[in-house]
Structures are given as C-alpha cells and as structure tokens.
Amino acid sequence: MKLTEFASKLASKNHFIKASFGGFQGAGKSRTATEFIIGTYKDLKCSKPILIIDNEKGSRFLIPIFKKAGIDAIAKDTTSLSDVHEAFNFQKSGEVDFLFIDSLTKIYYKFIKDYKAKNKKSFMTLQDWGKILPSWQEEFSDRFVNAEGNIVFTGRGGFEYEKEDDTKDENRNVTEKGAFVKSGFKMKIAGETPYETDLNVWMELEKSLKDGKPHQTNNAYILKDRSDTINGKVFEMPKYKHFKPIINFILGLPVGEVAQETSSENLTPGSDFEYYEKQQAKKIEMEKIEAVFELNNLGSPRSAEEKKIKAMIIQKIFGTTSKTEIEKMNAGQLNFNRASLEELFAELKEIENPVEYLTNYKQAS
C-alpha cells in the first residue's frame, strides 16, 4: 500500500464545534451555552432546527431568546441515553443543525440508576464501576466523538477530594487519620467526558460587596480550547463575542476528505495468548517463504527478467502480488503455499524458458 492510499492531506472534514459548559447551580452555564449556540449557529450559517435535550426544565425560558434570534428550536424532555442516541441519528441525517444537551449529568445519573436496577444493586462497588465506566465510554463518549455535527452539553459541578497525610508517631504508627479535604471542582460526569470537546468552559457565580452593596457576576473559565485562541482566559458575564475566536479559527480551516481506518483486524491479545501464538506462526512462515526465494537466488532480483519471474511466481502461488494481502493470510495458508513454492522451484530447475512455463503453470489444489 502506498502512503498516499493510507493517509490523506491534513484537513477538516467539515466546520463543526463541540463544547461543554460546567458549573454549580446558578453559575450561568445554560444561559452562556445558549448565547454560544446562537452566535455559532449564525456564524456557521446553519438553517435547520436546534434540538434541545432538556431535563432541567429550563428550555421554556429560552423561547424568547431563540425567537428574537430567529432560530427554530425544538425540545425533548428526557434523561434516557437511548434518546440521546436517537438525537445523534437525527443530526447525522441532517434534520437538525445543532444538538444542545442540558444537562448531561442527569443522563449520566439515570444511566447509573438503570445499571443498579438492572443488576439489583443498592450501592456501587469497584467492580461495578469497572463495568459501567467503559460502558459509558462506549455508549456516549465514543459516539459523541465520532458524531459529525455541532453539539453542546452542560454538566453540573461537584467537588474533588484529596486525603491528607496520616499523623504518625516515632514508631510509624498512625495516631490520627488524615481527613478528606476539597481540592478542586469537576463536572459530575464520568471520566474524561467533559474534555472530549473542542471547548470546555467552567462557569462560576462569584459574589462580593461593591460600594457596600451585594454584587454578583458569572465568570467563564476556559479550561480547554483546541484552537488555543482563548485557552486559559477568564471572561466576566460572558457573551458570544468572547468565544467567537475559536469559531473564526474553525471557519478558516481547509475542508477535505480525511483518510479513514484501513484495517479493522482485531490485534488485541486474548487471555490465552492465542493471538501471540498465531502471529508467531505467521512470522515463521513468512521468514521461511523469504528463505525459499533466497535459496533460489531470487531474494533480491536485479535484472528486469528476474523481477518479472519473481512477480509471476508470487502471483501463481499466492494468487496476488500484494504483500499486504499475503501478510493477511493465516499460518495454515502460508504453510500450504510455501510447500507449493518449493515444488515449483524444484520444477523450474529443469526448465529452459521459465517465463513460458510460468505463463501456463497452475498450482495444484
């Protein structure tokens, strides 16, 4: 296979954005996400409806905002991950231009609740998390990453905790256990889900006294920006203009086809190491086949006639001249073809015109 067949020129398949807005209650994540969606919708020249997956009962407050913007918005009140899958399908079919999930946290919580009900669990063990987290990755995160379209989701905030060191005496005995303390914040969704997006925004409601009067602001902290145009910045009472640089960056990207997966062969080893054994057997057979050519002075043919003879032999024995196709054969096929190859070379030693002989040669089945 040629490199030009394996990979393509670096380009963007299309101009779309995926973003996440996290924060605690009242931080302004839904409203800021809406401002971002409306501005992006217009700049990307979208025309199809915006589909809102609403389980926060907040979409009714967005009616006048979308109406003023002249954008058609439709809603679905659900916490079902299956409904999110269906929403992905509507986006893929081109029936909607934007998908807004508000919030993804409730869908994740319902996913866990369904797992506990299905498996009759009252609480989650480490083994349960070992099952449900990979499942969420497959059922949401992977589908989200592979979806080709504009998607924004919000997520509720939670705290991260770290354990303080235990106090020990001179004999290293624990005299006082370390307490768990708040060390940061995160979105209440599994693993790296919030960071699967192009833009990850953390919203905070900050309260203070200004001139002796209560004052509060919604601040947007840019935790991740793949365009690196606003990464690390903080915006007070954010509007779309603050996020516009990343959309301008996307609109400036060249659009083209991107090379897709070449082989879907499963190279993951099994618990019985069967994969390694098969690969080892194939490698041995391939080395023996190369040795047969070497022993018959065709390992590295120099003349045009020698190269032609080698190509004809490979075609007759393996049914192809593609090295990639030959390498896909299993050890049994390679072993059979090697035996046929050895027989053919034995016959060619008695032949004066190998090209003519090979033209009419048929491998015994």
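Here are some friendly notes on this predicted model, point by point.

1. **How to read the model.** Numbering starts at 1 along each chain as its sequence is written, and side-chain values use heavy atoms, without hydrogens or water. Because this is a predicted model, local features need pLDDT of at least 70 and side-chain atom pairs count only at pLDDT 80 or more, while totals for chains, interfaces and linings use all residues.

2. **Overall form.** The protein has 12 helices and 11 strands; these are DSSP runs numbered from the N terminus, with helices (H or I) of at least four residues and strands (E) of at least two. Its radius of gyration is 31 Å, whereas a compact globule of 365 residues would have one near 21 Å. That radius is taken over C-alpha atoms, and the globule rule is 2.2 Å times the number of residues to the power 0.38. The C-alpha atoms fill a box of roughly 105 × 70 × 40 Å along the principal axes.

3. **The cores.** The largest nonpolar core holds 33 residues, and Ile50 is among those with the most contacts inside it. Elements giving two or more residues to this core include β1 (18-23), β2 (50-54) and α7 (240-251). A second, separate core of 24 residues includes Trp136 and Phe153. A nonpolar core here is a set of buried Ala, Val, Leu, Ile, Met, Phe, Trp, Tyr and Cys residues joined through side-chain atoms within 4.5 Å.

4. **Leu104.** Have a look at Leu104, in helix α5 (residues 104-118). Is Leu104 buried or exposed? Leu104 counts as buried because its relative accessibility is 0%; buried means under 20% relative accessible area, exposed over 50% and partly exposed in between (1.4 Å probe, protein chains only). Leaving aside residues up to four places away in sequence, Leu104 touches Trp136, Phe140, Phe153, Thr154, Ile189 and Thr193, where contact means heavy atoms within 4.5 Å.

5. **A cis bond.** Asp102 and Ser103 are joined by a cis peptide bond, with omega about 5°. Ser103 sits in the loop between β4 and α5. Most peptide bonds are trans.

6. **Two positive phi angles.** Most residues other than glycine have a negative phi. Lys120 is not a glycine, yet its phi is positive, about 55°; Lys120 lies in the loop between α5 and α6 (126-146). Lys120 counts as exposed because its relative accessibility is 78%. Asn297, also not a glycine, has a positive phi of about 60° and belongs to the loop between α8 (274-295) and α9 (304-318). Asn297 is exposed, with a relative accessible area of 65%.
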